[in-house]
Every structure is written in structure tokens, then in C-alpha cells.
Amino acid sequence: MNFFQKILFPSLKKSGRTTIWLLKIILPISLLVRFLDYFGALTFIAQFLDPVFVHLGLPGSTAIIFITSIFLPLYAPLAIIMSMTVTLRELTILALMCQIAHNLPVESAIQSKTGTSFGMMFLLRVVLSIAVGILLNLILPKEMGMPFFEVTATETGTSVVDVLWLWLKSSAQMALLIFTIITALNVIYKLLEHYNLITKLSRAIEPILRFFGLPASTGFLWLIGYIVGLAYGGAMMIDQMNEGKVTKSDAELLNYHLAVSHSVIEDNLLFVALGVSVWWILGVRLAVAWIVVWVRKWWMKIACKHKKNCVSQ
């Protein structure tokens, strides 16, 4: 096998197209959110969530963390968390809420490209994150101590020029990261395909997929989504749908699952490093993802009874 001609060069070419496609979605949204933050719009919106957060067992001031999480990747709310004084109990609740509802404009837009409603994914994740916060406030021990980190300052822009400069720096880093990850994924996928390992790998995790109510055809995409997240997984899903390897209905079920539980390695390590128990954040996300898919399948089955030529999942 000629690795460079058959694997690497085609992967690089494909990764370039995919990276450009992702950046067209990500960059305008990230710039908009930076200006919303600069002009105080995020803080203004967060004021309306203060009463809700009191009932979640959180200080009203932490509403800005949740608002930021909705619009940006997890690193942004994490930076704010580390600039505030919170207890380990509060951090655990915030960790789950932010993990379920983060970077929604970008991730929901990417999922919409695979045929799942943007509005549904956005609303589902916001509602579930609040519901999980309420549940955790009821069941978590009242005294859990303090997290490991110390309060630090965060980098912010003091002028429009600063905002644009910070956006350009983060965008360049993001573009390089996306291209690197997408290339690695494409190389891995082509190697697995060349050695006929995709079918074997999918069969190996079929019991896990059945437990979560997911079709066997989504096995490889499920692994990708769990390892690197929705943005990169969504790009791979579009390729597989275009190639006829995954149907629209199968992709939709996977989208419902991944909307709640994805990128479990990176997401969890970010908060585990601060002292949050991995069992709380991983266990809750998996449980909620299981419920969401099976409820969705039940709903689809009910809907099929009222339609002709309909095959339920």
C-alpha cells in the first residue's frame, strides 16, 4: 500500500474542504458572540436567569457562565468559572449544565446539516441542562468541599481592536486544530476502511449501541462523536450520509444521543482536573442520553401509527 498516495494526500485534500466548511459556520458565530460580550449583551441577558439559578442551588452571578456556555465552547465558561469563587457542589452542577448545553449555535448548525432540526437540538439541550441542574440540586450532598483551582484573571478585550485581535488569534488556533483533527480522523478512517476493520469495530460495540437504542450503522460515528465531539463528528456524518453508509433516520437518532453526550474524554478531563467526580458528570450524561433516544424512538413509533408507508425505528 502506498500510504501517501492512497491515504495521506486524499485525507489532506478532504480535510481542507471540511475545515473550510466548518470555519464558515464557526467563525461568524464566534465573532458575533465576542461583540455581544464586549457590549455587555451577555451580562444583560444573564440578569433574567438569576431567579432560576437560585433554585438550581447556584449563585445568581453564575448565570453568566451558563449564557457563555450556550454560545461558546467549554473553554470559555471554564475560564469564567476559574475567575469566580464556587464550591465543589456548585461546580459539579455547572459542569453538567455546561457539558450538555455548550457551543449550541455552532453544534446545532452542524447537526442541522445532517437533517436534524436546529431549533429542536438547541431547545432540547437547554431544557435538559436546566432539568439536570434541578435534579442535581436535589440529590447532591450539601457539603462537598471546594474545587482544586485558585481564582485567576481572564484575558478580555478593552477595545474593538482588542476584540478583533483576540478573535483572529483564537480563530487561527481553531483553524489549525480543526484541520489537524479532521486530517487525523480521515487518515484513521481510510486505514480502517483499507484493512476492512470498520465492520469489525462496529460489531464490537453493537451491544453498547443496542443499549442506547442506536442503529449498528452509527457505530463508527458514535466513536468519533465520543472522542472528538459534535463538530468533527458532524462533518464525518455528512460524508457517510453522502456515501449512503448512514440513513437520515439513523443519523437523527445518533444526533439526539450525541446532543447530550459527546466528547466525553476532553469534556470530562477539563472538569475532573478541577476536582469534579468523573462518575457524576459521565454517569449523568450517559443516563440522560439513554433516556432521550428511547423517548425519541417511542415518539417516532407513535407518530408512525398515524402515517402510511412509515417504518418506525
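Helices H12 and H14 are roughly parallel to each other, a class that takes in angles under 35 degrees, whereas those over 145 count as roughly antiparallel, 65 to 115 as roughly perpendicular and the rest as oblique. The two helices pack at an angle of about 20°, with their axes 11 Å apart; axes are lines fitted to C-alpha atoms, for helices over the stretch in contact, and angles run from 0 to 180 degrees between N-to-C directions. Helices (H or I, at least four residues) and strands (E, at least two) are DSSP runs, numbered from the N terminus. The structure is a predicted model, in which local features need pLDDT of at least 70 and side-chain atom pairs count only at pLDDT 80 or more, while totals for chains, interfaces and linings use all residues. Residues are numbered from 1 along each chain as its sequence is written, and side-chain values use heavy atoms, with hydrogens and water left out.

Leu221, Trp222, Gly225 and Tyr226 of H12 meet Leu254, His257 and Leu258 of H14, contact being defined as heavy atoms within 4.5 Å. These residues divide into 5 nonpolar, 2 polar and no charged. Here Ala, Val, Leu, Ile, Met, Phe, Trp, Tyr, Cys and Pro count as nonpolar, Asp, Glu, Lys and Arg as charged, and the others, Gly among them, as polar.

Ser263 lies in the loop between helix H14 (248–260) and helix H15 (264–272). Ser263 is buried, with a relative accessible area of 4% (buried means under 20%, exposed over 50%, partly exposed in between; 1.4 Å probe, protein chains only). Leaving aside neighbours within four places in sequence, the contacts of Ser263 are Gly225, Tyr226, Ile227, Val228, Gly229 and Asn268.

Two residues of H12 that touch H14, Trp222 and Tyr226, also belong to one aromatic cluster with Phe211, Phe212, Trp290 and Trp294. A search of the whole structure finds 12 aromatic pairs; rings of Phe, Tyr and Trp (its six-membered ring) pair if their centres lie within 6.5 Å, and planes under 30 degrees apart count as stacked, over 60 as edge-to-face and the rest as tilted. Among them, Phe211 and Phe212 are edge-to-face, at 5.2 Å centre to centre and 75° between the planes. Phe212 is buried, with a relative accessible area of 6%. Phe212 and Trp222 form a tilted pair, with 6.5 Å between centres and 35° between the planes. This pair links distant parts of the chain, 10 residues apart: Phe212 is in the loop between helix H11 (206–211) and helix H12 (219–228), and Trp222 is in H12.

The loop between H11 and H12 also holds Ala216, which counts as partly exposed at 37% relative accessibility. Not counting residues up to four places away in sequence, Ala216 touches Ser202, Glu206 and Leu209.

Elsewhere, helix H1 (residues 3–38) and helix H7 (residues 104–112) pack at an angle of about 150°, with their axes 9 Å apart, and are therefore roughly antiparallel. Trp21, Leu22, Ile25, Ile26 and Ile29 of H1 make the contact with Pro105, Val106, Ala109 and Ile110 of H7. By class, this contact has 9 nonpolar, no polar and no charged residues. Leu22 is buried, with a relative accessible area of 0%. Beyond four places in sequence, Leu22 is in contact with Ile110, Ile178, Ile182, Ala231 and Ala235. The C-alpha atoms of Leu22 and Tyr232 are separated by 8.5 Å, although the two residues are 210 apart along the chain.
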